[in-house]
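Please read them with the structure open beside you.

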Amino acid sequence: MRDALAPLAGTLSRQAGIDARAIVAGAEEEAAQVVAAARQEARTILADARADGAAQAEAAAVTERIRAERQARDMELAARREALDELRVRSAAAVRALRDDPCYPRLLDRLSALARAAGGADLVVEEQPDGGVLAKGRGRRVDCTLGALAARAVEALGAEVERLWAP
Amino acid sequence: MTTWAPIEYTDVAELRGPLVVVQGVQNVGWDEYATITLESGERRHGLVLDVDRDLAVVQVLEGTGGLRAETTRVTFAGSPLRIPVGAGWRGRVCNGRGRPLDGGPPVFGHDSAPVAGLPMNPTVREPPAEPVITGVSAVDALTTLVRGQKMAVFAESGLPHLEFAAQVAAQAHTGDAPFSVIFAAMGLTHGDAGTVRDILDTRSSAAELTVLLNLAGDPVIERLLTPRIALTVAEHLAFVLRRHVLVVLADMTSYCEALREVSTARGEIPARRAYPGYLYSDLASIYERCGRIRGRPGSVTVLPVLSMPAGDITHPVPDLTGYITEGQILLSREVTSYPHIDPLSSLSRMMRAGVGAGRTRPEHLDLAAQIQAGLSRARQAGELADVVGESALSPADRRYLAMAEAFRTRLLAQRPDEVRTLEETFERAWQVVSVLPRGELSMLSEESLEAGYEGES
């Protein structure tokens with residue numbers, strides 16, 4: 001009985017073997033596909049991450065560049081302001097030194113005439129301790145002190161001042 | 001002569017609010033610029049509001065706090081305010097009357113110009129042409145800003161109109177042509193000013209940007225000077241230094257409120273909603289300073305930004321602005337995504353002169369028209385869907401609704417810090433129209449469709 005079934009068993013066994021190999025081959029193929037797909041996905045993810053990273057790094061570099069440029073600009077502006085302030089201080093000192101000049105009385109006369117010409121002949125002119133004159137009248141006055149004149153001189157320079165920091 | 005020995009008037013009759021009334025003055029005119037010196041030596045500045053015989057009323061820009069009538073001295077400049085003009089303004093941050101806020105020295109220039117400006121001779125004007133690219137897709141694609149144009153941005157209340165204005169100022173460019181931006185902020189709170197400065201700080205070339213900041217706490221008369229100073233600087237940069245200049249004026253409603261306050265102080269007869277009767281001509285004197293001049297390569301483009309009180313587009317400020325400007329961008333609360341631009345209520349009247357082959361893309365006008373038509377049809381379909389339900393709509397109508405959604409998500413919605421190139425904008429615009437069947441795109445030529453259409457034929 002068993003012998004009679006032996007060919008059948010053999011056939012079934014072979015068939016099962018063939019099926020098993022086919023299944024294994026199919027599984028291997030599927031596994032290979034899954035692995036390939038996973039590798040592809042990993043490559044895409046990596047490429048995306050690299051692109052994102054590069055974009056972020058680029059953005060960060062741009063932000064850093066803008067910040068650095070701004071900082072440099074702020075420092076440059078502050079330095080220009082200091083140079084202008086220094087010019088004001090030095091010109092005020094230089095003009096005040098005119099008090100010791102032998103021509104100072106003549107200068108006072110000129111300033112008195114200037115003040116009266118601007119504000120009217122009725123102005124009363126007084127010499128000021130800091131140098132220069134102050135002319136006063138009813139409801140108006142003309143300031144020709146040396147400090148005020150020095151400030152006006154710097155003001156009158158206008159854009160010439162930029163030569164302080166021009167290359 | 002008077003430069004070296006100016007007369008100081010010492011007879012102050014009255015100090016009232018921001019006003020100083022000086023008596024005994026001679027040869028003083030309206031709008032003349034004045035310097036007020038305090039007892040401490042501190043100097044403030046002002047403008048003559050009114051003159052009657054020997055009386056002059058001066059509005060002090062920095063306010064009258066700390067002033068004493070007996071010790072205050074006032075000097076008049078002999079002319080309305082002039083400012084130095086030139087390249088020195090580039091890269092500077094100043095207050096609303098042009099004084100530095102960035103720690104630098106005052107701005108110098110070899111020339112000076114009156115801030116009130118001179119009207120441009122109409123016979124030498126050139127019509128606007130060539131685009132200003134803003135980097136905002138909805139603007140560049142549908143309401144392109146053109147060099148020399150004046151286009152207003154109207155914003156319903158509660159929308160981030162200042163962020164939008166600052167984004168445009170931070171991103172705008174004219175390709176390889178020399179370009180500058182002047183951002184004149186008027187009546188901003190400290191919080192808003194901080195936000196605006198943070199956004200403007202992202203502009204890649206700081207030297208291309210000039211910022212004038214007039215804050216809500218600053219005197220109102222300074223607010224009247226701010227846009228004029230911005231335009232005076234812009235005119236010189238454009239027509240002498242040959243640059244393309246974009247002037248962003250935000251918020252013009254605050255400017256008009258300042259004008260109303262000053263007009264009331266002058267005792268003028270009020271018109272609509274207490275604004276002065278000359279509001280139209282005053283606004284025109286600002287907006288009309290844009291343009292191009294024949295034979296000179298630069299241009300001044302003006303982008304006034306206005307908040308509409310209570311969302312009312314018939315309010316005098318947006319109403320009169322709309323008469324003067326050549327187009328508008330409407331920011332609406334109904335559009336939920338930033339930048340909240342309502343494409344069907346926005347229009348650039350000069351767009352035809354700024355787009356097309358050699359400027360942006362050959363199909364630009366047709367593509368913009370196709371998107372507008374599609375959005376219009378989608379709006380009708382949406383209204384119908386509200387009544388009968390979306391499932392009862394025809395398949396074509398459903399495609400239009402899908403196209404409107406694609407427009408909102410792919411083209412309109414944009415982050416406030418996102419710059420889109422023209423190529424990116426067109427790519428997205430084609431994605432939007434490609435939601436529709438090819439047969440529906442009757443405004444686009446076969447040639448353009450072949451090149452750009454991405455949907456199923």
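1. Chain B and chain A bury about 2400 Å² between them, and carbon and sulfur atoms account for 60% of that area; buried area here is the accessible area (1.4 Å probe) that two parts lose on being put together, summed over both. On the chain B side, Trp4(B), Pro105(B) and Phe108(B) supply 25% of the area buried against chain A, more than any other three residues. In terms of contact, meaning heavy atoms within 4.5 Å, 29 residues of chain B meet 29 residues of chain A.

2. This is a predicted model, in which local features need pLDDT of at least 70 and side-chain atom pairs count only at pLDDT 80 or more, whereas totals for chains, interfaces and linings use all residues. Residues are numbered from 1 along each chain as its sequence is written, chains are lettered from A and ligands numbered from 1 in the order in which they are written, and side-chain values use heavy atoms, with hydrogens and water left out.

3. Between chain B and chain A there are two salt bridges, a salt bridge being a side-chain nitrogen of Lys or Arg within 4 Å of a carboxyl oxygen of Asp or Glu. Arg70(A) forms a salt bridge with Asp201(B), with the closest N and O atoms 3.3 Å apart. Strand β1 (residues 7–9) of chain B gives the largest share of the side that touches chain A, three residues; helices (H or I, at least four residues) and strands (E, at least two) are DSSP runs, numbered from the N terminus.

4. Chain B is assigned domain 1 (12–80), domain 2 (83–354) and domain 3 (364–452), with bounds that come from an automatic or database domain assignment. The C-alpha centres of domain 1 and domain 2 of chain B lie 30 Å apart, and their contact takes 12 residues from domain 1 and 10 residues from domain 2.

5. The area buried between domain 1 and domain 2 of chain B is about 960 Å², with 64% given by carbon and sulfur atoms. Within domain 1, Leu49(B), Gln59(B) and Leu61(B) lose the most area to domain 2, together 52% of what that side buries. The rule finds one salt bridge across this interface, and the side chains of Arg97(B) and Glu62(B) meet in a salt bridge at 2.8 Å, N to O.

6. Some backbone details deserve a check by eye. The peptide bond from Ala250(B) to Asp251(B) is cis, with omega near 10°, and Asp251(B) sits in the loop between β17 (244–250) and α5 (252–265) of chain B. A cis peptide bond also joins Tyr338(B) and Pro339(B), with omega about 10°, and Pro339(B) is placed in the loop between β20 (327–331) and β21 (347–348) of chain B. Asp31(B), although not a glycine, has a positive phi of about 65°, and Asp31(B) lies in the loop between β3 (19–23) and β4 (32–37) of chain B.
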